[in-house]
Amino acid sequence: MSQSTKMLLISVSVVLVLTANILLYFNLTKNTLHDNHQRELRSIEAHIQLLVEQSRNGSKLYEDMIGEKLRMASIAVEHALPADVEQVTDQQLHELREQLMLDDLTLMKKSGNDIILYKSTDPREVGLGTRHWGAWYTAFEQLLEKQFVTIPWGQVLPNFWSGPYEVATSNTRNIMKWGYYYSGKTNYIIDPYVDNTAFDKYEKETGLNAIMGNLLKTYPFLVEIAGINPMTFDNEKTWVTENGELLDPLIHRAVFFGDYTYTNVAKDKEYVKMASRTRQPVSYVEEIKGKKVEKSFIAIHSDTLDVVRAWEEHPDPSLQGLYVLNLTSDVDSMEATLNKQFQTVVIVVAVITLLSLLLVFFLIRRVSQARDKAIQLTSETYSEEFNQMYLDFRGQRHDFLNHVSVIHSLVELGRHGELLDYTNTLVGDIQGVQDIMAIGQPEFAAIIQAKTMAATNKKVRFTHDIDIPSKVLPGTRAFDMVRVLGNLIDNAFEEAARLPAEERWVSCTGWMEGGSVHFKVVNPLAYTAPSGQPNEVFRDGYTTKANHTGLGLWISNKLIRKNRGEISVEASREHFIAHVKMPIS
């Protein structure tokens, strides 16, 4: 496989791995963002629930204060007017209205099976019946019977009941708060009322809509918050008043706070019912008004929301005191945030990938250059050794004719003893060459041949027994082993050369064992080996010779360790033994 192909495969592999990581990161981030969004919605839900309770408590306290004011005004009216409604004049009613700072004042009278608005400072009220006013009519009857009003909402005080702010039946454009007082001292119910100007100002500052507006600013991903009445959602009812006006009571409105403009009524109704039934958050994602939004519905129970009621007289009891919080989130903005993060990650990863590929390319170049250098060095070493072997073989071929001539002359002269000695010597030389040729690893054969010739020059008797019948080490390992073996034999020759000629010898043994190549080099010592650690000889610069670098064994040790092999030495009074082991793979 060519270097460019390898580089291409590595690059493609790196890109594929990084792409897979990016996609995995994107999905994990998307899921994490969704989970965080859901957790944030739950947190907002709890926050809104608390704010709604606080706001309604404040509003109820404010309404109750107005209710108390209406009761005190009623008591003042009772003391100022005759006990019989027939004796009360319109002028008296108008004067009391002005003195007590009321918007209007009405007197109610029992008439047959109805209770009518008998006299009033508002002419539109006069003559209106209340028999069809539901709970309000029940409260009037209980007051006339001098009972405590049992309506579960509104404000109940002795001889007094006041409902929440509501649309006026006589004028549906007005929102009023009425108080109803009857102590039995008169034959009429006193009904003072005020408009919602002050209350509306209070609500704009501290009410639910103001709170929802602040929440939308705090959480930009929220586009809409609504409080939904599950008893009347998509089931609102209107009435036509006796004056012919359309009446839409506040207490029955489907959305009693916030905004509801991102509408899918059919689906929203289904999810409002689901949230109310399961009491678990539910949501769906859909494109509404050209925007992808997520609509979440959370059912919340509240004891303070007397404004959430059904228009039926006997509504579903499971929905009593329950409202559904609708949070509408901008999915597009959340996905835009995710996409922005994704783009940032892609850019960062692309830069890192480019730098990584450049680094890989640089490392490959360096490794390739180092390998080429090693191959070149190996080639030069092998070429030198093989050239030496080639010259030796040419010399032997050249000498062959001389040997034949000498043998012929000895035969003619009949000198058979000298002939036998001569041929024995000749056969020994040939046997030595055959032993070298029998070494299966060419690199080892070359180094042994080279060192054999060197031993002859140094007048050292060099013997070898290499039992390695085949090529077992790959190129770079074989090259490293040749360097190690060469260093060990050279060190042995140098040490032996310090002895007299007849005592100079070096032996080299090689064999295969346990998946490794073994070499052992033995030489006599010209000095007494020092006591201590024998592995000290592998230290950088260690030597016992003058004018010597002491790098041979240090380099050999590094090469063996690099190939995960082992090298050990053993020194006695007479011999120095070096043993090298290098794994085949």
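Select α10 and helix α11 (residues 552-562): their axes come within 9 Å and cross at roughly 155°. The model on screen is a predicted one. Angles over 145 degrees count as roughly antiparallel, and therefore α10 and α11 are roughly antiparallel to each other. The crossing in which α10 passes α11 is left-handed.

Now show the side chains where these two helices meet. On α10, pick D480, R483, V484, N487, L488 and N491; on α11, pick G552, L553, I555, S556, L559, I560 and K562. Coloured by class, the contact of α10 with α11 shows 6 nonpolar, 4 polar and 3 charged residues.

**The other helix beside α10**

The crossing of α9 and α10 is right-handed.

Which residues make this contact? From α9, select E443, F444, I447, I448, K451, A454, A455 and K458. From α10, select A478, M481, V482, L485, G486, I489, D490 and F493. The contact of α9 with α10 divides into 11 nonpolar, 1 polar and 4 charged residues.

**The sheet with mixed pairing**

Next, select β15, β16, β17, β19 and β18, in that order: they form an open sheet of 5 strands with mixed pairing. β15 and β18 (566-571) are at the edges and each has a single partner strand, so one side of each lacks a neighbour in the sheet. Ignoring direction, neighbouring strands of this sheet are turned by 10° against each other on average.

Zoom in on two of the pairings. Strand β15 (residues 461-467) and strand β16 (residues 505-513) run parallel and are joined by 7 bridges. Then move to strand β17 (residues 516-524) and strand β19 (residues 575-583), which pair in the antiparallel sense over 9 bridges. Here N523 has F576 of β19 as its bridge partner.

Bring the helices back into view. α10 packs on the sheet and touches β15, β16, β17 and β19, its direction making about 10° with that of β17. α11 also packs on the sheet, touching β18 and β19, and its direction makes about 140° with that of β18. Trace the chain through β15, α10 and β16: these make a left-handed β-α-β unit.

**The antiparallel sheet**

Finally, go to another part of the chain and select β11, β8, β14, β13 and β12. In that order they make an open sheet of 5 strands with antiparallel pairing. Which strands are at the edges? They are β11 (255-258) and β12 (282-288), each pairing on one side only. From one strand to the next, the twist averages 25°.

Strand β8 (residues 222-228) and β11 run antiparallel, joined by 3 bridges. Pick G227 to find F257 of β11 opposite.

Two helices remain to be selected here. Helix α5 (residues 208-218) packs on the sheet, where it touches β8 and β11, and its direction makes about 155° with that of β8. Helix α6 (residues 265-278) packs on the sheet as well, touching β8, β12, β13 (291-301) and β14 (322-330). The direction of α6 makes about 170° with that of β12.

Terms used: Residues are numbered from 1 along each chain as its sequence is written. This is a predicted model: local features need pLDDT of at least 70, side-chain atom pairs count only at pLDDT 80 or more; totals for chains, interfaces and linings use all residues. Side-chain values use heavy atoms; hydrogens and water are left out. A crossing is left-handed if the near helix is turned anticlockwise from the far one by less than a right angle, and right-handed if clockwise. Helices (H or I, at least four residues) and strands (E, at least two) are DSSP runs, numbered from the N terminus. Contact means heavy atoms within 4.5 Å. Ala, Val, Leu, Ile, Met, Phe, Trp, Tyr, Cys and Pro count as nonpolar, Asp, Glu, Lys and Arg as charged, and the others, Gly among them, as polar. Two strands pair if DSSP finds at least two bridges between them. Axes are lines fitted to C-alpha atoms, for helices over the stretch in contact, and angles run from 0 to 180 degrees between N-to-C directions. Angles under 35 degrees count as roughly parallel, over 145 as roughly antiparallel, 65 to 115 as roughly perpendicular and the rest as oblique. A crossover is right-handed if, with the strands pointing away from the viewer, the path from the first strand over the helix to the second runs clockwise.
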